[in-house]
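Work through the following exercises with the sequence and the model in view.

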Amino acid sequence: MTSMPDVEFVVRTIAQTAVDNETYFGDLDSVVGDGDFGYSLARGFEIVLSDWDSYDRADISTFLQKVAMAITGRIGGTSGPIWGTSFLRAAGAVRGKDDLDGADAVAMLRAAIEGIKARGQADVGDKTLLDALVPTTDAIEAALADGKSSDEIVALAATTARASADATTPMIAKRGRAAYTGERSIGSPDAGAVAVAVIFEALASSWQEREERK
């Protein structure tokens with residue numbers, strides 16, 4: 001089961017990873033966009049970290065809602081609404097629950113995905129994160145069904161996200177294709193997909209370190 005400390009661990013890892021990789025994400029985004037993806041994420045998640053102790057922790061859903069509000073209000077451009085929507089939809093998926101299981105984790109990811117898709121074409125560039133988030137969520141759900149351990153699932157999520165991000169490199173910019181977005185440059189991976197991969201890799205590494213300390 002997953003409790004508030006586990007959720008805090010995940011959110012804090014996401015925030016710190018966004019801040020630490022500002023330049024990397026920005027350089028990737030500059031190939032197809034204006035390069036503000038890394039900057040916007042870093043500034044927004046810096047606020048999450050600086051205001052960390054002030055967020056209401058009445059329950060997991062409330063905590064995630066407060067994080068979502070901070071992200072939406074502080075991250076500029078389209079990235080704020082995208083990431084804010086993700087956290088807000090995830091919060092709604094576990095409303096009223098104090099402890100979460102694997103099915104809840106998948107439900108949160110699915111809710112985040114549907115929220116991002118629902119934002120329409122205005123955020124097409126930022127939606128590149130779905131090219132890694134969707135297959136990674138599929139892999140997590142399959143691993144849970146197979147009875148894999150938490151350690152195995154976290155590691156699998158990281159490798160799936162990275163493989164999915166790498167797979168965007170040869171894709172040609174084209175609206176209306178089978179995947180989710182239309183902003184990319186052949187020979188360069190999606191900035192959003194890479195961000196998802198880096199975040200899951202950071203989670204896997206931090207998760208393993210935390211388990212070893214127990």
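**Exercise 1: a serine in a helix**

At 6% relative accessibility, S40 counts as buried, because buried means under 20% relative accessible area, computed with a 1.4 Å probe on protein chains only. The structure is a predicted model, in which local features need pLDDT of at least 70 and side-chain atom pairs count only at pLDDT 80 or more, while totals for chains, interfaces and linings use all residues. Residues are numbered from 1 along each chain as its sequence is written, and side-chain values use heavy atoms, with hydrogens and water left out.

Task: determine in which helix S40 is found, and how far its C-alpha atom lies from that of G26.

Solution: S40 belongs to helix α3, residues 37-50, where a helix is a DSSP run of H or I with at least four residues, numbered from the N terminus. Next, take G26, which is 14 residues away from S40 along the chain; the two C-alpha atoms are separated by 8.9 Å.

**Exercise 2: α1 against α3**

Task: describe how the axes of α1 and α3 are placed, and which residues make the contact.

Solution: First, the axes of helix α1 (residues 4-20) and α3 come within 8 Å and cross at roughly 140°; axes are lines fitted to C-alpha atoms over the stretch in contact, and angles run from 0 to 180 degrees between N-to-C directions. The two helices are therefore oblique to each other, a class left over once angles under 35 degrees count as roughly parallel, over 145 as roughly antiparallel and 65 to 115 as roughly perpendicular. Finally, R12, I14, A15, Q16, A18 and V19 of α1 meet L41, A42, F45, E46, V48 and L49 of α3, with contact meaning heavy atoms within 4.5 Å.

**Exercise 3: around F63**

Task: list what F63 touches, not counting residues up to four places away in sequence.

Solution: With those neighbours set aside, F63 touches M4, V7, E8, V11, W52, Y55, D56 and R57.

Definitions and conventions:
Buried < 20%, exposed > 50% of the residue type's maximum accessible area, 1.4 Å probe, protein only.
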